[in-house]
Amino acid sequence: MTDDSVISFPLLDASDISARKNLKWLFVLRNLMICVEALAVIISVYGLELPLYQAALTAVITAQLGFNWYTWVRLEEERIVVDGELFFQLCCDVLTITAVLYFTGGASNPLAWFFLLPLILTSTILPRIYTWYMVLFTSACYTLLMTFYKPLPAILPITLGPNTPPELHQLMDHHDLQLHVFGMWFGFVFSAVLVAYFVVGIADTLRQRERKLAEIREHTLRNERVVALGTLAAGAAHEMGTPLGTMAIIVHELIKEYGETDADLCKKMKILREQVSRCKQALSVLSASAGEIRAESGHPMPVSAYLDEVISNWRQQRPEGVLAVNKQGFEPSPSILAELTLTHALVNILNNSADVSPHFIELRARWTKDRLVLEIVDDGPGIAPSVSEQLGKEPVSSKENGLGVGLFLAFTTIERMGGTISMALRSECQGTLTRISLPVTLREAGL
């Protein structure tokens, strides 16, 4: 698993997810419009007995149903939804509205201002250029309806009877309920509900997309910083190889020269030789393309055995350290991807705890069928809130001579592997609690 798998595709996925949500909103909105249109035709023809062009309106609504069925099938496909496709969908809705209005009075229909709905949606979910295209298209359709249309039959006003409550007589001039005015009222209420519900929902989708893109940009910048650190590490490994080789030769000569005469000095020289060997071994990893060859050679390994390996690696570096280990989970344990970068990250976190709490560190490990949770507890002074907020975002350090690169790389490595990490003050007493969660698999466990 490399950084490319993290930063190459999310930008495209975030845009496609947002576009698919918008297309789903259009699908739902069109269903609602179909229901309203069908209900209006039924009420007009069978309730008010108006001689409308029933066959033509039924054909328009049927075509709209067929197009919405195509949209439903399109939502099931994996092809990316682009802005042009959303604009085409909205243009089809404009044509449907135009066809319905053509057979119901044209521009004189009180619902003619439904042309504003596709325009509002276009300005909300699509770039500015599409909005101006929609302005021209809807204006052209509305203008044509002023000349070309099938007029509505004459509609007589409904007169209130003598038994109607007097309050209604006071609210209406001449005691007449004009259906045209009622249609304008209904159109306003219906449009207001659609704008309040659907446009607000689409706007929420766009805000979620912006937040996701901001997270992706932050993640990309962090990965670029990690790559830069890897490049610098490779250069440093190359530059430090020669001095370490010289030190190893001098230590070897000192042991040969004073090994028999000064036992104490010989013991110290051997310790120094071991430390130089460790440094050369660590730099050999960095020199291989910043550790790329070995870091990517991760392999599945049982969680319990991997933790034992990490602890053994840490004890070799800190033989004087005190570490209490508590492992809880079923056996055989699930498997984890044992990458060298992950091992370095966990050892680095243990070393940080040992620096502030040399006499007590506790490692609690528990696993389920899909997650491994590690808790590293120390009784040091704790982590400052100002430092905790910046962990994982940039190199920070509370040590006097520290660079903060170790924790930054540890956070990046764990998150790259699909895990999470947090560091906070312990609630019961002083010290820091580091909680790490990593994905595991049961395939190698035989379950």
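Tutor: Start with Ile349. Leaving aside neighbours within four places in sequence, Ile349 is in contact with Ile376, Leu407, Ala410, Ile414, Ile421, Thr434 and Ile436. Keep in mind that this is a predicted model.

Where does Ile349 lie? Its place is in helix α12. Is Ile349 buried or exposed? Its relative accessible area is 1%. The cut-off for buried is under 20%, so Ile349 counts as buried. Along the sequence, Ile349 and Leu407 are 58 residues apart. In space, their C-alpha atoms are 7.0 Å apart.

Next, step back to the core. Ile349 belongs to the largest nonpolar core, which has 35 residues. Ile349 is among the residues with the most contacts inside this core. Which elements give two or more residues to the core? The helices are α11 (303–317), α12 (340–356) and α14 (405–416). The strands are β5 (335–338), β6 (361–367), β7 (371–378), β8 (420–425) and β9 (432–439). Helix α12 gives the largest share, seven residues.

Leu342 is then in contact with Tyr306, Ile336, Leu337, Thr413, Ile414, Met417 and Leu438. Ile414 is in contact with Ile349 and also with Leu342.

Now look at Gln317. This residue is found in helix α11. Its relative accessibility is 27%, so Gln317 counts as partly exposed. Not counting residues up to four places away in sequence, Gln317 touches Arg278, Val347 and Asn351. Its C-alpha atom is separated by 9.2 Å from that of Gln275. Along the chain, Gln317 and Gln275 are 42 residues apart.

Glu331 and Pro332 are joined by a cis peptide bond, with omega about 0°. Pro332 sits in the loop between β4 (323–328) and β5.

Phe87 and Val94 lead us to helix α4. In α4, Leu86, Phe87, Leu90, Val94 and Ile97 meet Pro118, Leu121, Thr122 and Ile125 in α5. The residues of this contact are eight nonpolar, one polar and no charged.

How do the two helices sit? Helix α4 (residues 83–102) packs against α5 at an angle of about 170°, and the axes are 10 Å apart. An angle over 145 degrees counts as roughly antiparallel. That is why α4 and α5 are described as roughly antiparallel to each other.

Turn to α5 itself (residues 116–125). Buried there are Leu117, Pro118, Leu121, Thr122 and Ile125. They cover an arc of only 135° around the axis, so they lie on the same side of α5.

Asn109 is buried, at a relative accessible area of 12%. Leaving aside neighbours within four places, Asn109 is in contact with Leu101 and Thr104.

Finally, the whole chain. It has 14 helices and nine strands. Of its 447 residues, 38% count as buried.

Conventions. Residues are numbered from 1 along each chain as its sequence is written. This is a predicted model: local features need pLDDT of at least 70, side-chain atom pairs count only at pLDDT 80 or more; totals for chains, interfaces and linings use all residues. Side-chain values use heavy atoms; hydrogens and water are left out. Buried means under 20% relative accessible area, exposed over 50%, partly exposed in between (1.4 Å probe, protein chains only). Helices (H or I, at least four residues) and strands (E, at least two) are DSSP runs, numbered from the N terminus. The arc is that of the directions from the helix axis to the C-beta atoms. Axes are lines fitted to C-alpha atoms, for helices over the stretch in contact, and angles run from 0 to 180 degrees between N-to-C directions. Angles under 35 degrees count as roughly parallel, over 145 as roughly antiparallel, 65 to 115 as roughly perpendicular and the rest as oblique. Contact means heavy atoms within 4.5 Å. Ala, Val, Leu, Ile, Met, Phe, Trp, Tyr, Cys and Pro count as nonpolar, Asp, Glu, Lys and Arg as charged, and the others, Gly among them, as polar. A nonpolar core is a set of buried Ala, Val, Leu, Ile, Met, Phe, Trp, Tyr and Cys residues joined through side-chain atoms within 4.5 Å.
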